[in-house]
Amino acid sequence: MTTVTFLTEGKRIIGFDAKGHSGYAEAGGDIVCAAVSTAVKFAETTLSEVLGERVKTKVNEEEARITLHLPATCEDEDAAQAVLTGMMLTLCSLRDEYPDHIEVLEV
């Protein structure tokens, strides 16, 4: 199962931790894994390349894990929060369709 944990401070999403394989299908044909990977990459690219935020991203291939943290303050906080909220809603929708393969948490 893939677990995506959104890290919060108050109402502010400060980052996320995505780990594990969904187990929906074999590698290369797993649509749940592909959807999660796309959402993660979209958020990371939008935050860093489009908004220019200095996000800290850590990837651990062996653990199938990626962690992203926002800086303490963002130049465009509203846009950064919109990106992460959109990612969370997308993954919650995916969780509703594939509840045995993805878990979304908020801490």
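In this predicted model, strand 3 and strand 4 make a hairpin, with 4 residues sitting between the two strands. Ala64 lies in that turn and takes a positive phi of about 50 degrees. The two strands run antiparallel and are joined by 5 bridges. One of the pairings puts Thr57 together with Leu68 in strand 4. On the sheet as a whole, strand 4 (residues 65-69) also pairs with strand 2, again in the antiparallel sense and again over 5 bridges. Here Asp17 has Thr67 of strand 4 as its bridge partner.

Strand 1 and strand 2 run antiparallel and are held together by 7 bridges, and Thr8 stands opposite Ile13 of strand 2. Strand 1 (residues 2-9) is joined to strand 5 as well, through 5 bridges, but that pair runs parallel. Val4 faces Val104 of strand 5 across this pairing.

Put together, these pairings give an open sheet of 5 strands in the order 3-4-2-1-5, with mixed pairing. Strand 3 (56-60) and strand 5 (102-106) are the edge strands, each with a single partner, so one side of each has no neighbour in the sheet. From one strand to the next, the twist averages 10 degrees. As background, strands in a sheet pair through backbone hydrogen bonds, either parallel or antiparallel. Strand 1 is largely enclosed by the rest of the structure, because 6 of its 8 residues are buried.

Next come the helices. Helix 1 (residues 31-50) and helix 2 (residues 77-97) pack with their axes 10 Å apart, at an angle of about 175 degrees. That makes the two helices roughly antiparallel, given that anything over 145 degrees counts as such. On the helix 1 side, the residues in contact are Val32, Ala35, Val36, Ala39, Val40, Ala43, Thr46 and Leu47. Helix 2 meets them with Ala80, Val83, Leu84, Met87, Leu91 and Leu94. By type, the residues of this contact divide into 13 nonpolar and 1 polar, with no charged ones.

Leaving aside residues up to four places away in sequence, Ala43 touches Phe16, Val83 and Met87. Val83 and Met87 belong to the helix 2 side of the helix contact, while Phe16 is in strand 2. The C-alpha atoms of Ala43 and Ala82 are separated by 9.9 Å, although the two residues are 39 apart along the chain.

As for aromatic side chains, the structure holds 2 aromatic pairs. In one of them, the rings of Phe6 and Phe16 have their centres 6.2 Å apart and their planes at 50 degrees, so this pair is tilted. The Phe6–Phe16 pair links strand 1 with strand 2, the two residues being 10 apart in the chain. Both partners are tucked away: Phe6 is buried at 0% relative accessibility, and Phe16 is buried at 0% too. In the pair of Tyr24 and Tyr98, the ring centres are 5.2 Å apart and the planes stand at 80 degrees, so the geometry is edge-to-face. This pair spans 74 residues of chain, with Tyr24 in the loop between strand 2 and helix 1 and Tyr98 in the loop between helix 2 and strand 5. Tyr24 counts as partly exposed, at 36% relative accessibility.

Finally, a look at a loop residue. Glu75 is found in the loop between strand 4 and helix 2, and its 80% relative accessibility makes Glu75 exposed. Glu75 and Leu47 are 28 residues apart in sequence, with 11 Å between their C-alpha atoms.

How values were computed:
Residues are numbered from 1 along each chain as its sequence is written. This is a predicted model: local features need pLDDT of at least 70, side-chain atom pairs count only at pLDDT 80 or more; totals for chains, interfaces and linings use all residues. Side-chain values use heavy atoms; hydrogens and water are left out. Axes are lines fitted to C-alpha atoms, for helices over the stretch in contact, and angles run from 0 to 180 degrees between N-to-C directions. Angles under 35 degrees count as roughly parallel, over 145 as roughly antiparallel, 65 to 115 as roughly perpendicular and the rest as oblique. Contact means heavy atoms within 4.5 Å. Ala, Val, Leu, Ile, Met, Phe, Trp, Tyr, Cys and Pro count as nonpolar, Asp, Glu, Lys and Arg as charged, and the others, Gly among them, as polar. Two strands pair if DSSP finds at least two bridges between them. Rings of Phe, Tyr and Trp (its six-membered ring) pair if their centres lie within 6.5 Å; planes under 30 degrees apart count as stacked, over 60 as edge-to-face and the rest as tilted. Buried means under 20% relative accessible area, exposed over 50%, partly exposed in between (1.4 Å probe, protein chains only).
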